[in-house]
Amino acid sequence: MPYNGFAIDQYLDAAAVTAQLDALIAQAPWSIRRDKLEEYVEHYFHAKCPRSREMIASARKVIPGGVQHNLAFNYPFPIVITRAEGAKLWDIDGNWYYDLLQAGGPTILGSNVPEVRGQVVELLNTCGPSTGLFHEFEYKLARKISDLVPSVEMFRMLGSGTEAAMCAARIARLKTGKKNILKMGGAYHGWSDQLAYGMRVPGTKGLLSKGVPGFVFQHTDEFFPNDIEDLERKLRANRLNGGTAAVYLEPMGPESGTRPVSREFVRGAAKLTKQYGALLIFDEVVTGFRIGLSGAQGFFGVDPDLTVFGKIIAGGYPGAGGVGGHADCMAHLGAGLDSSGKKVPKAMCGGTMAATPLSCAAGYYTLCEIERTNACEQAGRMGDRLTKGLQERIAKYHLPFVAFNQGSICHLDSVGTMHFSIDWKKPWDIPRILKETGRRQREMEHMGAAYMAEGIVTLAGSRLYTSAAYDEGMIDDVLDRFDRVLANCGPMEGKV
């Protein structure tokens, strides 16, 4: 489909990208050359970022790890950002960067958009950020989301995507009377106990969920991404043990499509959930209002029972999360009555700082501005241009790297860390895989440092979000900066 308001012109070939990623992890990793990395550390980070270095050193004495957000961890030390505007960020030392992190994805309009900021300032001048009582923007935001996303007949604002994913599980169990939750292996649905399972690398189960007791996962299981047969096996098996209440999907694939899935898989999963009496829950924390105004579900033509939102719901302002869906499901968040007055069990759901006037006003005006400017399509065009340019440079330097995108969600995978998987039928191989993914994770950090030294902020050195604030000239400048890094990459020593 040629854009048509969506961020995607032509959906990728998931099987072809998977084959490229398979080839990437079959060989020893390539990365930035050590001599060039040392040069970046010495001549950029140490020479041009001294105030960031000093502040982080002080912060480590009072903040665990020195930062409050996982996305801020960077090699050799986090950079302190003091200003954001459009497609650019500025640090405490006065250096500026192209922003391809986008706060993890929500700022599709660009950072600190004046059209939204002005409305937020007006709200603060008249009401303040929070009252604990109802504000008109709660209705306006819910009405706007319901108008844009056909499956969302009702919407409940929360404080984060993690809270929304937790709440959706409770709704699903009450609505279906069933126990089990199935999620896609490698997908991230927040850090609540029961959903912190099978994260990053499919098959890890609870291995990466430190601090969570194993019994918590008694009714949580994972299925392999893009494998419709594995999903049906798990659904069939659950029939003998309390049934499946819900199937969670990141519609582009786990970790924002880092391991992409096909259109056929998404539609097949939707059919299976209905067949087995489970609710289909779309996690659109990243894709909602980035792939299109109707989300990835609108692009795929799928009608999920519930949708988890986050990040962009408050337009980059705090209080970003919510769950929406069919009225008969959302009735479990009401006063214990459905639309016909029938009594239904009420899900436990709270949050003192959920749906503040600040977050609801910011979200409402952000969605209005995205709609007015056709931001999803503009950001998607920039994502296409960026990805095509990266693919050309990968070929130019004969690198094994893989570049692909789903609209404005772009991937530059240099090591394939999250393309590994664990097979519990081969327990002897698990330590090797965990060791290898850890090794490759470090190389991702080194690549991210090289990009930052060239003035590009990325997510973990491998994920790149474009926004409507970019134009073709900016993307071409970004590509020139990537070129300087890619020209200095080579194979690392050691075998997989």
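A salt bridge is taken here as a side-chain nitrogen of Lys or Arg within 4 Å of a carboxyl oxygen of Asp or Glu. The structure is a predicted model, in which local features need pLDDT of at least 70 and side-chain atom pairs count only at pLDDT 80 or more, while totals for chains, interfaces and linings use all residues. Residues are numbered from 1 along each chain as its sequence is written, and side-chain values use heavy atoms, with hydrogens and water left out.

Under the salt-bridge criterion, the count comes to 25. One of these joins the side chains of aspartate 328 and lysine 175, with an N to O distance of 3.1 Å. Aspartate 328 belongs to helix α11 (residues 327-330) and lysine 175 to helix α6 (residues 161-176), so the pair ties together parts that are 153 residues apart in sequence. Helices (H or I, at least four residues) and strands (E, at least two) are DSSP runs, numbered from the N terminus. Accessibility is classed as buried under 20% relative accessible area, exposed over 50% and partly exposed in between, with a 1.4 Å probe and protein chains only. Aspartate 328, at 40%, is partly exposed, as is lysine 175, at 34%.

Glutamate 392 pairs with lysine 388, the closest N and O atoms being 2.7 Å apart. These two residues are four residues apart in helix α13 (residues 375-396) and are therefore separated by about one helical turn. An α-helix has 3.6 residues a turn, so residues three or four places apart point the same way. Glutamate 392 is partly exposed, with a relative accessible area of 42%. Arginine 33 forms a salt bridge with aspartate 35, with 3.0 Å between the closest N and O atoms; arginine 33 is partly exposed at 34% relative accessibility, and aspartate 35 is partly exposed at 45%.

Helix α15 (residues 472-486) contains 15 residues and reaches 21 Å from its first C-alpha to its last. This span is close to the 21 Å expected at 1.5 Å a residue, the expected value being 1.5 Å times one less than the number of residues. The N-terminal end of α15 is capped by aspartate 471, a side-chain oxygen of which lies 3.1 Å from the backbone nitrogen of glycine 473.

A nonpolar core is a set of buried Ala, Val, Leu, Ile, Met, Phe, Trp, Tyr and Cys residues joined through side-chain atoms within 4.5 Å. The largest such core has 79 residues, and those with the most contacts inside it are Leu386, Leu412 and Phe482. A second, separate core comprises 33 residues, including Val152, Met157, Ala320 and Leu367. Contact denotes heavy atoms within 4.5 Å. With residues up to four places away in sequence not counted, leucine 412 touches Leu390, Ile394, Phe401, Val402, Ala403, Tyr451, Gly461, Ser462, Leu464 and Phe482.

Strand β10 (residues 306-310) is largely enclosed by the rest of the structure, because five of its five residues are buried. Both faces of β10 are covered, with Leu306, Val308 and Gly310 on one side and Thr307 and Phe309 on the other. Strands β9 and β10 pair in the parallel sense over three bridges, pairing being assigned if DSSP finds at least two bridges between two strands. Phenylalanine 282 stands opposite threonine 307 in β10.

The loop between β9 (279-283) and α10 (295-300) contains threonine 287, which is buried with a relative accessible area of 4%. Leaving aside neighbours within four places in sequence, threonine 287 is in contact with Pro251, Met252, Gly292, Gly295, Ala296 and Ile409. The side chains of threonine 287 and glutamate 284 are joined by a polar contact of 2.6 Å. A polar contact is a pair of N or O atoms within 3.5 Å; within protein, one must be able to donate a hydrogen and the other to accept it, and residues adjacent in sequence count only if both atoms are side-chain atoms. The C-alpha atoms of threonine 287 and alanine 7, 280 residues apart along the chain, are separated by 10.0 Å.
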